[in-house]
Amino acid sequence: MKPTTKVILTILHVISWIIFLGLCIKTGAFLYSFIVSLAFNPEGAKDLYMGLNLSALYHFDIGYYVVIGAGTILISGAKAFLFYLVVKIFLKINLVAPFSKDVSLLISGIGYLAIGIGVLTLIVSKNCDWLATKGVAFPDLQSVLGGAGEFLLLGAVIFIIAQVFKRGIEIQTENELTV
Amino acid sequence: MTMPIIVNLDVMMAKRKMSLNELSEKVNLTLANLSILKTGKAKAIRFSTLDAICKALDCQPGDILEFVEKR
């Protein structure tokens, strides 16, 4: 392996850790303020996370508020878990013999999770669009949710890579069992 | 799935009264790889390996490998 590749992988590992921690903090903060807004102080809906104001939705219908809020938290949590899997891959991968069952499972997991995040984001954003037509004033949720299409594309690409990886495991096993 | 090709390496080794360690040294293969071959776990065998084993055991490939049709 080239020294530059090793450096790039180390940098990516550190970045993955930072993103994972950031997403955990974001999800935790979102969850906390969401619970506070529901259980103790409805004013909390005015600033759920970094100025996200869902108070109009809260006053429109508390049920929709719970659905959109829970969906957004779920998406954020799923993204954190996705980066946790990425960090785990960096910890487990051995570039001398990279095709292992553990890494294959992690890659498949990332693929399924990315597709799940994409679908969930699509559902939540379409729900928001529908609620907006009902006259609910919505802030820009795109910055919080992220793009559904990107995650679906990512999921599809990773899913294909996971299939190729499975074939790689078979070839590596065959190679190891060639005397 | 079990292979229809049977490896009779242990039989030939017994006939030549050769231990696994001795064969390993003669054919320049690790004990782990020879063990994989002996126990029938190997998926493939290189011609160079077969050549070395045949030389060491003074036998033909057919003495080591046998085809047994599964029913």
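**Close-up 1. The surroundings of T121(A) in the predicted model.** Setting aside neighbours within four places in sequence, T121(A) is in contact (heavy atoms within 4.5 Å) with I75(A), L145(A), G146(A), G147(A) and A148(A). T121(A) itself belongs to helix α4 (residues 101-133) of chain A; helices here are DSSP runs of H or I with at least four residues, numbered from the N terminus. Is T121(A) buried or exposed? T121(A) is buried, with a relative accessible area of 1%, where buried means under 20%, exposed over 50% and partly exposed in between (1.4 Å probe, protein chains only).

**Close-up 2. Where chain B meets chain A.** Here, eleven residues of chain B are in contact with four residues of chain A. About 720 Å² is buried between the two chains, and carbon and sulfur atoms give 63% of this; buried area is the accessible area (1.4 Å probe) that two parts lose on being put together, summed over both. On the chain B side, K43(B), A44(B) and R46(B) lose the most area to chain A, together 57% of what that side buries.

**Close-up 3. Charges across the interface of chain B and chain A.** How many salt bridges does the rule find here? It finds zero, counting a side-chain nitrogen of Lys or Arg within 4 Å of a carboxyl oxygen of Asp or Glu. Helix α3 (residues 31-38) of chain B gives the most to the side that touches chain A, with three residues.

**Notes.** This is a predicted model in which local features need pLDDT of at least 70 and side-chain atom pairs count only at pLDDT 80 or more, while totals for chains, interfaces and linings use all residues; side-chain values use heavy atoms, without hydrogens and water. Residues are numbered from 1 along each chain as its sequence is written, with chains lettered from A and ligands numbered from 1 in the order in which they are written.

Notes
Helices (H or I, at least four residues) and strands (E, at least two) are DSSP runs, numbered from the N terminus.
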